[in-house]
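Here is a briefing for someone meeting this structure for the first time. Look it over, then read the points below.

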Amino acid sequence: MQAIRRTIRLEDVRQGSDEVLRQVYEENRDKFLNFARRYDLPEEENVDVYQDAFIIFHDNVMSGKLETLTSSISTYLFSIGKYLIFDRMRKNKKTVGSQFNMDIVKDEDHLIENLDIEEGSLTSEQQLLRKHFDSLGKKCQELLTLFYYRGYTIQEIMEAEHYNSENVVKSAKSRCLKSLKERIAANSM
Amino acid sequence: MDKETLIYRYFANELDKEGEAVLNQLLDSDTEFRKRFEFEKSLKKVIRHKKGEDLKAKLNSFEVDIAKKSPSSKPKGGFRNWSIAASIALLIGLGWVGFNTFLGTSSDALYEEHFRAYPNTVYTITRGDTDDSLERKAFVAYESGDYESAIDYLEELKGEENKAYIAFYMAQSHLNLGNTEAALALFQQIMDSEKEFEAEAHWYTALAHLKNGDKENATRYLQKLTAGFDYNRERAEALLQKID
């Protein structure tokens, strides 16, 4: 029963309905906040960390990096959250005191080994890229998002977006990239 | 593999070890290729960033809704906070209704479905807290799921002061450990005292009976709960229908 429930859930998340997102968010929120309180961060930051962990989890589901769950969603959130908390502590130049239980999710660390966790802010060039990406037509934005964010293959894009052939997708993608580069070049001149 | 295919496979998560080596080699030796690759990688990051921002806005709107349901965000809200947790649990529970009708339900499954450890609404564990009290130790243990230690500390605490919540959280800890009989005895005390957590004790007594496979007693306490209290009324009514 558990397995069925998990599979359904991950697929549901991938479908991207707000209702499912809200449910997963609320279902794991208290558990996560209780867990996060073990570490030495101000309480108000814990919600922030929860959201960041949630976003990373969501990203990895959407990008296909996380295809099947080998543990509960909350365990993934805890593992990512622990990583983020320690990262914040390092940045705040705080040492992790011995009273904090570092082992609590140690065993699950392998869970997040293959996930994309690094966030990092955008460089000024990337900010420019972002600005011009936003100015692209909707069709281009969708196509590039499917390819770069969702990790779709050309064939999958063809099927999802009802293109006539893979070649049409390929040339559409090249045009979108070209247009993006041109806009950036025009801006920097 | 040509350059085009290399880049394509990289972004489609289809690059094998061998391809990865070729890719890295090209990145070192071919500036033009490197530039192109970095551009597309940046694009990926930018889209991810954008998606992250969209989602963050959505999550913040969820937070606003959560805060609306909870006018007081202090953990000492006791009943009120629990009622929020209960309504969230209800939402989740409702999602399960279809699933369970489909599968049929044993009382143990009903218990698993409805049981949620009661949150710590008594003691706020905060940062830089130097308080070394038994109370703190008890709730740190409780929150970390170390119910054995929680019981020990609560037992000790009971010797010092007799607050209504002590018996309740001891009962909770026992229930979490699967000691339904010990939990039932403590819940009975709480119901007899007619003080704080009386309604909650009815709910958890019903659940504990369910865990024991005793549908008759579970029904009895759920009926008492719906007749006498507002706490978890909707969930109790829904559960009563399922037990039938």
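pLDDT is the predictor's confidence in each residue, from 0 to 100. This is a predicted model, in which local features need pLDDT of at least 70 and side-chain atom pairs count only at pLDDT 80 or more, while totals for chains, interfaces and linings use all residues. Residues are numbered from 1 along each chain as its sequence is written, and chains are lettered from A and ligands numbered from 1 in the order in which they are written.

**Confidence**

- The predictor gives the complex an ipTM of 0.85 and a pTM of 0.56.
- Chain B has a mean pLDDT of 82, and 83% of its residues reach 70 or more.
- Within chain B, confidence is highest in helix H2 (residues 17–29), at 93, and lowest in helix H4 (residues 79–103), at a mean of 58. Helices (H or I, at least four residues) and strands (E, at least two) are DSSP runs, numbered from the N terminus.
- Residues 73–77 of chain B stay under 50 in pLDDT, and the model has six contacts for them beyond four places in sequence. Two residues are in contact if their C-beta atoms, placed from the backbone, lie within 7 Å.
- Residues 98–104 of chain B also stay under 50. For residues 98–104 of chain B the model has three contacts beyond four places in sequence.

- Chain B has 12 helices and zero strands.
- Of the 244 residues in chain B, 28% are buried. A residue is buried if 20 or more other C-beta atoms lie within 10 Å of its own, exposed if 12 or fewer, and partly exposed in between, with C-beta atoms placed from the backbone.
- Among contacts in chain B with a separation of 6 or more, 41% join residues 24 or more positions apart.
- The largest nonpolar core has 42 residues, and Leu154(B) and Ala171(B) have the most contacts inside it. Such a core is a set of buried Ala, Val, Leu, Ile, Met, Phe, Trp, Tyr and Cys residues joined through C-beta atoms within 7 Å.
- Several helices of chain B each supply at least two residues of this core, including helix H7 (147–160) and helix H8 (164–176).
- Beyond its neighbours within four places in sequence, Leu154(B) is in contact with Ala138(B), Ile166(B), Tyr169(B) and Met170(B).
- A second, separate core of 24 residues includes Tyr25(A), Tyr50(A), Ile55(A) and Leu59(B).

**Where the chains touch**

- The contact takes 36 residues from chain A and 32 residues from chain B.
- On the side of chain A that touches chain B, H2(A) gives the most, with nine residues.
- That side of chain A has 15 nonpolar, nine polar and 12 charged residues. Ala, Val, Leu, Ile, Met, Phe, Trp, Tyr, Cys and Pro count as nonpolar, Asp, Glu, Lys and Arg as charged, and the others, Gly among them, as polar.

**Backbone details**

- Gly64(A) follows H3(A) and has a positive phi, near 85 degrees.
- His162(A) is not a glycine, yet its phi is positive, about 55 degrees. His162(A) sits in the loop between helix H7 (154–161) and helix H8 (166–188) of chain A. With 7 other C-beta atoms within 10 Å, His162(A) is exposed.
- Asn232(B), also not a glycine, has a positive phi of about 55 degrees. Asn232(B) lies in the loop between helix H11 (215–228) and helix H12 (233–243) of chain B. Asn232(B) counts as buried, with 26 C-beta neighbours inside 10 Å.
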